[in-house]
Amino acid sequence: MKNIVVSLVIPAMNEEESLSQLFEEIQLSCDAHWKEQYEVLVIDDGSRDGTWAKIEELKKKYDFIRAWRFLHNCGKATALNLAFGKTQGKYVVTLDADLQDDPKEIPEMIALLDSKKLDLVSGWKQKRHDPWHKTMPSKVFNGVVSLVAGQKLHDFNCGLKAYRGEVVKSLDLYGDYHRFIPLMASWMGFKIGEKVVQHRARIYGVS
């Protein structure tokens, strides 16, 4: 049985075209640091394209993939909650399946957990490649939550986050609670930090 150090968690919905490149990039990034000591948990959240068939195909190529499928769209929080309960790693990283999160960020985010003695490092998409009707509400949301809740972050909803394993095991997510993970973790006494991360333009599909 492998000694898993890092668990990557990836919710996916209608991302058939992105997955081959995503797993290739993950392998390049993670093999250099944790060869045969990482796993990737993918949750197909009710996709209506060929996402599940693509995952099944890629599982034959990459033995680090573990995958589950929802027959209907259950939402990101439910997908994360399922995977968090199955992670084996000392560290857990979440990222989106649309290639806008760069797997090259993963080693440095995990290193920050130890160097800064943090429990959660949340990505900050300082320069976003999204239309204004997504970026403006996001700025308002982040500002209001920081002000009202007392946990200041620039980007609560960034999909790219690194955690100590005990943090994800403490969470119970449903509805839209994935948007408040750093806040929930802070209330439980975990130490939160953030790191500026690259946000890449979407190549395939729609948000």
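What is the volume of the largest cavity? In this predicted model, in which local features need pLDDT of at least 70, side-chain atom pairs count only at pLDDT 80 or more, and totals for chains, interfaces and linings use all residues, the largest cavity has a volume of about 90 Å³. Residues are numbered from 1 along each chain as its sequence is written, and side-chain values use heavy atoms, with hydrogens and water left out.

The chain has 7 helices and 7 strands, where helices (H or I, at least four residues) and strands (E, at least two) are DSSP runs numbered from the N terminus. From the N terminus on, these elements follow the order β-α-β-α-β-α-β-α-β-α-β-α-α-β. Of the 207 residues in the chain, 54% are buried, buried being under 20% relative accessible area with a 1.4 Å probe and protein chains only. Among contacts (heavy atoms within 4.5 Å) between residues at least 6 apart in sequence, 80% join residues at least 24 apart.

Strand 5 (residues 120-124) is largely enclosed by the rest of the structure, because 5 of its 5 residues are buried. Leu120, Ser122 and Trp124 are buried on one side of strand 5, and Val121 and Gly123 are buried on the other. Two strands pair if DSSP finds at least two bridges between them; strand 5 is joined to strand 6 by 3 bridges in an antiparallel arrangement, with Leu120 having Tyr163 as its bridge partner. Strand 5 is also joined by 5 bridges to strand 7 (residues 192-196), and these two run parallel, with Ser122 standing opposite Glu194 of strand 7.

Helix 1 (residues 19-34) has 16 residues and reaches 21 Å from its first C-alpha to its last, close to the 22 Å expected at 1.5 Å a residue, the expected span being 1.5 Å times one less than the number of residues. The buried residues of helix 1 include Leu19, Leu22, Phe23 and Ile26, and what covers its buried residues includes strand 1 (6-12), strand 2 (38-45) and helix 4 (106-115). Just after helix 1, Glu36 takes a positive phi of about 65 degrees.

Conventions. 1 Å grid on protein atoms, 1.4 Å probe; cavity = no way out; pocket = protein on both sides within 12 Å on 5 of 7 lines; lining within 4 Å. Points joined across faces, edges and corners; volume = space filled by probe spheres on them. Buried < 20%, exposed > 50% of the residue type's maximum accessible area, 1.4 Å probe, protein only.
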